[in-house]
Amino acid sequence: MKRILGLSALTIAFLVLSADTTLGQKVWYSGNVVQTARDLESHTDKYAESINKSMDASSVDGKRIQDEINGFVDQFEEATDKLEQKIEDQKAAPGLFNEVVARAKVINGAMTKYKVKGEPKALWSLVKKDINKLGKSYGVVVKI
């Protein structure tokens, strides 16, 4: 009888202590980071396609600067892909998120320098909004 009571007490204590956790590990972010990462990935893909079309129709078409910008955008896309895959991983996600932010700052600088307008600008605004939302979920203030 004492053994059953002891096991019951131990079980109840475990349930109480892990009530706000998943498999005993506290959730370290807020919000729906999985959906936000999907949105970021989708908006990034649309932005990449749009900026490429925009450059094809501009004076930078075929020039080295177009290749450089496409390279930055490709690296940014790869970073968002990696982040999406590890979005809930407490060890990997913060570093991957920092990489996304660093690459976004480079692209944002180019967007400002070259005064990009139209669809690419609108889509870039969505990308920045997704990054800021992830930052809030992770408890990080992001300035892009």
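These are my notebook entries on a predicted model of one protein chain.

**Entry 1. Ground rules**

I number residues from 1 along each chain as its sequence is written. Because the model is predicted, local features need pLDDT of at least 70, side-chain atom pairs count only at pLDDT 80 or more, and totals for chains, interfaces and linings use all residues; side-chain values use heavy atoms, with hydrogens and water left out.

**Entry 2. Confidence**

I looked up the pLDDT, which is the predictor's confidence in each residue, from 0 to 100. The chain averages 86, and 81% of the residues score at least 70. Strand S1 (residues 21–22) has the lowest confidence, with a mean of 44, whereas H5 has the highest, at 97. Where pLDDT is low, the predicted coordinates should not be read in detail.

**Entry 3. The chain as a whole**

I counted 5 helices and 2 strands, in the order α-β-β-α-α-α-α along the sequence. Helices (H or I, at least four residues) and strands (E, at least two) are DSSP runs, numbered from the N terminus. Of the 144 residues in the chain, 33% are buried; buried means under 20% relative accessible area, exposed over 50%, and partly exposed in between (1.4 Å probe, protein chains only). Among contacts between residues at least 6 apart in sequence, 74% join residues at least 24 apart.

**Entry 4. Helix H5**

I checked the length of H5 (residues 118–138) first. At 1.5 Å a residue its 21 residues should span 30 Å, and the end C-alpha atoms are 31 Å apart, which agrees; the expected span is 1.5 Å times one less than the number of residues.

Which residues of H5 are buried? I found Pro120, Leu123, Trp124, Val127, Asp130, Ile131, Leu134, Gly135, Ser137 and Tyr138. They cover an arc of only 160° around the axis, which puts them on the same side of H5. The arc is that of the directions from the helix axis to the C-beta atoms. An α-helix has 3.6 residues a turn, so residues three or four places apart point the same way. On the other side of H5, Lys129 and Lys136 are exposed.

The buried residues of H5 pack against helix H2 (33–56), helix H3 (64–85) and helix H4 (93–113). After H5 comes Gly139, with a positive phi near 75°.

**Entry 5. Helices H2 and H3**

H2 has 24 residues and reaches 34 Å from its first C-alpha to its last, close to the 34 Å expected. Its buried residues include Val33, Leu40, Tyr47, Ile51 and Met55, and the buried residues of H2 pack against H3, H4 and H5.

H3 has 22 residues and reaches 32 Å, close to the 32 Å expected. Among its buried residues are Gln66, Asn70, Phe76, Glu77 and Leu83. The buried residues of H3 pack against H2, H4 and H5.

I then asked what Asn70 contacts, leaving aside its neighbours within four places in sequence. Asn70 touches Asn52 and Met55. The C-alpha atoms of Asn70 and Met55, 15 residues apart along the chain, are separated by 9.5 Å.

**Entry 6. The nonpolar core**

A nonpolar core is a set of buried Ala, Val, Leu, Ile, Met, Phe, Trp, Tyr and Cys residues joined through side-chain atoms within 4.5 Å. The largest one has 31 residues, of which Tyr47, Phe76, Leu83, Phe97, Trp124, Ile131 and Tyr138 touch the most other members. H2, H3, H4 and H5 each supply at least two residues of this core, and the largest share, 8 residues, comes from H4. Beyond four places in sequence, Tyr138 is in contact with Trp28, Tyr29, Val33, Leu83, Ile87, Ala93 and Phe97.

**Entry 7. Two loops**

In the loop between H3 and H4 I looked up Ala92, which counts as partly exposed at 24% relative accessibility. The C-alpha atoms of Ala92 and Lys82 are separated by 9.5 Å.

In the loop between H4 and H5 I looked up Lys115. Lys115 is exposed, with a relative accessible area of 63%, and has a positive phi of about 50° although it is not a glycine. Most residues other than glycine have a negative phi.

Key. Contact = heavy atoms within 4.5 Å.
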